[in-house]
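Please open the structure in your viewer and keep the selection tool at hand. The tour goes from stop to stop, saying what to select and what is there.

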Amino acid sequence: MPLIVEITEGIQKGAKFKLAPGTTFGRRQTDVIIKDPNVSSRHAQVLIDQQDQLFLQDLNSKNGLIFNNEIVRTLHLANNVAFIIGDTPFLVLEISDKDLEKMFPSKSWEEKFSDYMKTHSPKTLLPEKVQPFNPMLELHFIQGLQYEEVITVGYGPRVAGFYSFDIPINDEICPELAFKLIPDKKGIKILNCSLDKVLLNDNIFESAFLSSGDKIKIGSTIIKVLFSIAEKAKLHESHDG
């Protein structure tokens, strides 16, 4: 079942946050921002072990993590586990998928479009020539707040970014415009729109043709690229014919 974490005391008492691989804790530019002077800028991060269990890893912070009145560097996360970061106490809670959706509702595309339009001129939204991706592309979020989300991309060009109503990347490090996916005769091309924040297979790049298994990294978010099996089968059949 999904896990969340709640701040139980202090000025942020009652604040709740989703836990997923890649979730970061710290004083600024993290998924869980803690208003506590004894918390490091990037204090800790949620990771997943070989048994698919979540644990919290200290990021070489000054004060570490406090569990059972002891300073620790790693901490397994499970229902009712209590820990302290800086002077801020947290409690891990297990909730149902239904309650998770109520607590952290997904925005509809209309809401995302409305948010996008508030910060963009209509002139920037002129339509481009749309072409199909062959094979279709699947973007699997394997780390970050969108963990286990899958976005299927069947046509392009497509735009990904923090404010994008097309392919939204829910990561505070993600720029407004992160990358574009463009159909090409040679395959599916990814165009990097933010060289200092978007990596492909841990490498800096300007543009590249995607291959199945490639990993796009933005902040704590990692997206694994897979080509649709059905579309690949169709492609092979057409070549065989």
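In which sense do strand E14 (residues 158-161) and E15 pair, and over how many bridges? Select both, and you will find that they pair in the parallel sense over two bridges; strands (E, at least two residues) are DSSP runs numbered from the N terminus, and two strands pair if DSSP finds at least two bridges between them. Within this pair, Ala 160 stands opposite Ile 167 in E15.

Before going on, note that this is a predicted model, in which local features need pLDDT of at least 70 and side-chain atom pairs count only at pLDDT 80 or more, while totals for chains, interfaces and linings use all residues. Residues are numbered from 1 along each chain as its sequence is written, and side-chain values use heavy atoms, with hydrogens and water left out.

Now widen the selection to the open sheet of five strands, whose order is E15-E14-E16-E17-E20 and whose pairing is mixed. Its edge strands, E15 (167-168) and E20 (207-209), each pair on one side only.

Next, select E12 and E13, which run antiparallel and are joined by six bridges. His 140 has Val 150 in E13 as its bridge partner. The two strands form a hairpin with six residues between them, and Gly 144 in the turn has a positive phi of about 115°.

Finally, select Leu 137 and display its contacts (heavy atoms within 4.5 Å): leaving aside neighbours within four places in sequence, Leu 137 touches Ile 151, Thr 152, Val 153, Leu 181, Ile 188, Leu 210, Val 225, Leu 226 and Phe 227.

Key:
Helices (H or I, at least four residues) and strands (E, at least two) are DSSP runs, numbered from the N terminus.
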